[in-house]
Amino acid sequence: MNKVAIVGTGQTKFSKDEGDVEKLLFESASNCIQSVNNYDSNDIDGVLVSTNNNSKYLGAILSETLGIRPKISHSIEHLCSSGTNAIISAYAYISSGLSDMVLVSGVESATNPGQVLEWDRSRGNLEHPIYWGSMLTKSHKRKFQTTEEELAIVSAKNHKHAMDNPFAYSNEPRTISEVMNSKQITDDLRILDCSRSCSGSSSILLASEEKAKIFSDQPIEITGIGQKTTSASFTKNILGEIESTRIAADLAYKMAKIEAKQIDVAEVHDAFSVCELMAISELGLTSNEKSGEFVRDLFNTENRMINPRGGLIGAGHPLGATGISQTIEITNQLQGKSDKRQISNAKIGLIHNMSAAGTSSSIMVLKN
Amino acid sequence: MTFFEDQLKEGVFQICYCKNCNDTIWPPKEICHKCHNRTDWKKSTNLGKIMEFSKRESTYFGLIEIDDGIRVLGDILSSSIPEIGQSVRMSVSFNSKPHYSFLVENN
């Protein structure tokens, strides 16, 4: 198996406005291509597009727009974790030798069909994610004595981090009290506890270890991958747990030969505030009972270890692009290129991306 | 419309099961995922228990467990704050999507 490294990255700004999917794709892919050394379009032999958009044949369209004639091109959809699924597919192509260099581009428009899973009949007419988000939040409060303030700290922290992320949809600060006093969507969810669907695009170039040095002075290796799908129906989840994350994390740590405590920086899937608390527990960084305290300590000490780019809540959530932007953040952190967001001496980073209330999770470990 | 949806429209929640494996199949499917024989149907008792709940505007909603461990999301009709484990009675309908609602017993 060939080793695989990230050699280039590019993004567009995320926005609440509707976006033109093809334009956005081209913009982030073009930024990505311009970030590498010695670029030659003939070197890219794979182009993958991750999106929930209904447009067809985007892999080939993006290739033609960029003047690339790849061996492999297609789209990948897996709801909110489409982006990491596309990166992991590219990894598989390169590690198997089917490909040497793959461009992965994720894109979404703010109104997209990936926000509701119509197939899930167990949700009845309560299809929108706010309903499962409310169930997870209420259950976390009940089982682990999580407070309203601890949940608000997740959002205040991530909004604060997003202020230093030029690609975030909003750079507005939100205090703990602003979050706590924001509009109640349900008894257990405030508007500022929710990530927001955005338009935006992000792209990443992956290459085999052999080729990586040609294109980048600081290639970042993907050393661990773990994935798990437990179901598609939210109602089959055990409340208070994200089993798919726990299993995927274990697989990723084994592959990377690391333990959770070695992780210096992580992007986790905070679809709602409670999801960050649950994710850091399932990843083994803390326990559910102590997760609120863990995040409070990060906030009080201005430690950006979790969600330095602002997470989904702070940066916005263009579904097909989210996992790629998370991966770009960890790549930049390990390259020491995160400016004000930089975690000092970051050596090992983690990306956690999930779909449909955590019924599936994808995790990657990167190392510099 | 599927048989399941058609029956919801009639106010009946049909539970799909496999006679062979004695297994409930949820969401309903025509073929059992274990033995691949055709599945059968039985009517729900319409009785359930509240697993978790919250409230949107003036309406409670929650995760309810009905027959054979099947769980669904639906509205909860209750004049007081619901409780975990509380018994509820289900009524169903279908209008482009399923609608499940639950009346707290002895309300």
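Start by selecting chain A and think about its contacts: of those with a separation of 6 or more, 79% are between residues 24 or more positions apart. Keep in mind as you click around that this is a predicted model.

**Chain A as a whole**

Color chain A by secondary structure, and you'll be looking at twelve helices and eleven strands. Its C-alpha trace spans about 55 × 45 × 35 Å along the principal axes. How does the radius of gyration of chain A fit a compact globule? A compact globule with 368 residues would come out near 21 Å, and chain A has 19 Å, which agrees. Of those 368 residues, 61% count as buried.

**Helix 1 of chain A**

Next, select residues 21-34 of chain A, which make up helix 1. This helix has 14 residues and reaches 20 Å from its first C-alpha to its last, close to the 20 Å expected at 1.5 Å a residue. Now show the side chains of its buried residues: A:Val21, A:Leu24, A:Leu25, A:Phe26, A:Glu27, A:Ser28, A:Ala29 and A:Cys32. While you're looking at them, here's a handy bit of background: an α-helix has 3.6 residues a turn, so residues three or four places apart point the same way.

**Into the nonpolar core**

Hide the rest and head inside. The largest nonpolar core has 134 residues, and the members that touch the most others are A:Ala90, A:Val104 and A:Leu206. Helix 3 of chain A, residues 82-96, gives the most to this core, with seven residues.

Zoom in on A:Ala90. Leaving out residues up to four places away in sequence, which residues does A:Ala90 touch? Pick out A:Gly46, A:Leu48, A:Val102, A:Val104 and A:Leu206. You've already met A:Val104 and A:Leu206 among the residues that touch the most other core members.

**Where the two chains meet**

Zoom back out and bring chain B into view. The contact takes 17 residues from chain A and 16 residues from chain B. On the chain A side, select helix 4, residues 129-144: this helix gives the most to the side that touches chain B, with five residues.

**Over to chain B**

Follow the chain along its sequence and the pattern reads α-β-β-β-β-β-β-β-β. The C-alpha atoms of chain B fill a box of roughly 45 × 25 × 20 Å along the principal axes. Of its 107 residues, 36% count as buried. As for contacts in chain B with a separation of 6 or more, residues 24 or more positions apart account for 42%.

**Two domains in chain B**

Give each domain of chain B its own color: domain 1 is 3-43 and domain 2 is 47-104. Their C-alpha centres lie 21 Å apart. How many residues of domain 1 of chain B are in contact with domain 2 of chain B? Eight are, and they meet nine residues of domain 2.

For a last stop, select residues 3-9 of chain B, which form helix 1. This helix gives the most to the side of domain 1 that touches domain 2, with three residues. By class, that side of domain 1 has four nonpolar, two polar and two charged residues.

Technical notes. Residues are numbered from 1 along each chain as its sequence is written. Chains are lettered from A and ligands numbered from 1 in the order in which they are written. This is a predicted model: local features need pLDDT of at least 70, side-chain atom pairs count only at pLDDT 80 or more; totals for chains, interfaces and linings use all residues. Helices (H or I, at least four residues) and strands (E, at least two) are DSSP runs, numbered from the N terminus. A residue is buried if 20 or more other C-beta atoms lie within 10 Å of its own, exposed if 12 or fewer, and partly exposed in between; C-beta atoms are placed from the backbone. Two residues are in contact if their C-beta atoms, placed from the backbone, lie within 7 Å. The expected span of a helix is 1.5 Å times one less than its number of residues. A nonpolar core is a set of buried Ala, Val, Leu, Ile, Met, Phe, Trp, Tyr and Cys residues joined through C-beta atoms within 7 Å. The radius of gyration is taken over C-alpha atoms; the globule rule is 2.2 Å times the number of residues to the power 0.38. Domain bounds come from an automatic or database domain assignment. Ala, Val, Leu, Ile, Met, Phe, Trp, Tyr, Cys and Pro count as nonpolar, Asp, Glu, Lys and Arg as charged, and the others, Gly among them, as polar.
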